[in-house]
Structure formats: C-alpha cells, structure tokens
Amino acid sequence: ASLNYAGASLAGPTIFAIVYSSVTVWTALFSLIFLGRRINTWQWISVATVFGGLTLTATDSLQLGDGVIRGCALVLFGSAMHAMTYILCEAIMTVGEET
C-alpha cells in the first residue's frame, strides 16, 4: 500500500487510477504462472487490450517529468504486489482442493 501511496503522490490521481488498473493484467499473469490456471483466448485478448491501453497512457505521461515516471513505476510495482496478494490468498484458501 505504501508503494501505491508514494506513487500516487508523484504521479497524480488520474495517472495513478489508470496505471493501478494493471492489477488485472498482473493477476492474470500470476495466476497462470503460480496457480497453473488456464486462460482462454478471449481472456488473453482482454488482458492484452488492457495492457495496450495502459502502455499508451504510460507512454503519454513520459513527457510530464521524472517524478511522474517514478510515480508510475511505483504504482506499477505496487499493483503487481497487490495482485500477488490475490494469488497467495487463493492458493492458501484452496490448499488440498481438487482442481
């Protein structure tokens, strides 16, 4: 949470909200890597669309200065860690269940 707060103060609330939505992309990726979940083609297309939008937004914000870039990086890392908590919670809560 501290990474996200620091990132929000550097990047601003609008950019924070857009970059923080990458938690969806991170969750999909981590669920594939750590939980072995299968994601169908349409779900990957959706993830790629979200990622594309985030990339366009982040690229556009590069001209706003170093503080915004650092803020985006902090928020991106913070959202990845937030996604990891979702994955860890699911892994813990489903231990021993058949898939």
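Predicted model: local features only at pLDDT ≥ 70, side-chain atom pairs only at ≥ 80, totals over all residues.
View 1. Asn4 lies within helix α1, which spans residues 2–11. With a relative accessibility of 9%, Asn4 is classed as buried, because the cut-off for that class is under 20%. Beyond its neighbours within four places in sequence, Asn4 contacts Phe16, Tyr20, Leu74, Val75, Gly78 and Ser79.

**View 2. Packing of helix α1 against helix α2.** On the α1 side the contact is formed by Asn4, Ala8 and Ala11, and on the α2 side by Pro13, Ile15, Phe16 and Tyr20. Sorted by class, the residues in the contact of α1 with α2 are six nonpolar and one polar, with no charged residue.

**View 3. Packing of helix α2 against helix α5.** Helix α2 covers residues 13–20 and helix α5 covers residues 66–93. An angle of about 35 degrees relates α2 and α5, and their axes lie 9 Å apart. The crossing of α2 and α5 is right-handed. Helix α2 contributes Ile15, Phe16, Val19 and Tyr20 to the contact, while α5 contributes Val68, Cys72, Val75, Leu76, Ser79 and His82. The contact of α2 with α5 contains eight nonpolar residues, two polar residues and no charged ones.

Definitions and conventions:
Residues numbered from 1 in each chain as written. Heavy atoms only, no water. Helix = DSSP H or I, 4+ residues; strand = E, 2+ residues; numbered from the N terminus. Buried < 20%, exposed > 50% of the residue type's maximum accessible area, 1.4 Å probe, protein only. Contact = heavy atoms within 4.5 Å. Axes fitted to C-alpha atoms, helices over the stretch in contact; angles between N-to-C directions. Left-handed = near helix turned anticlockwise from the far one by under 90°. Nonpolar A, V, L, I, M, F, W, Y, C, P; charged D, E, K, R; others polar.
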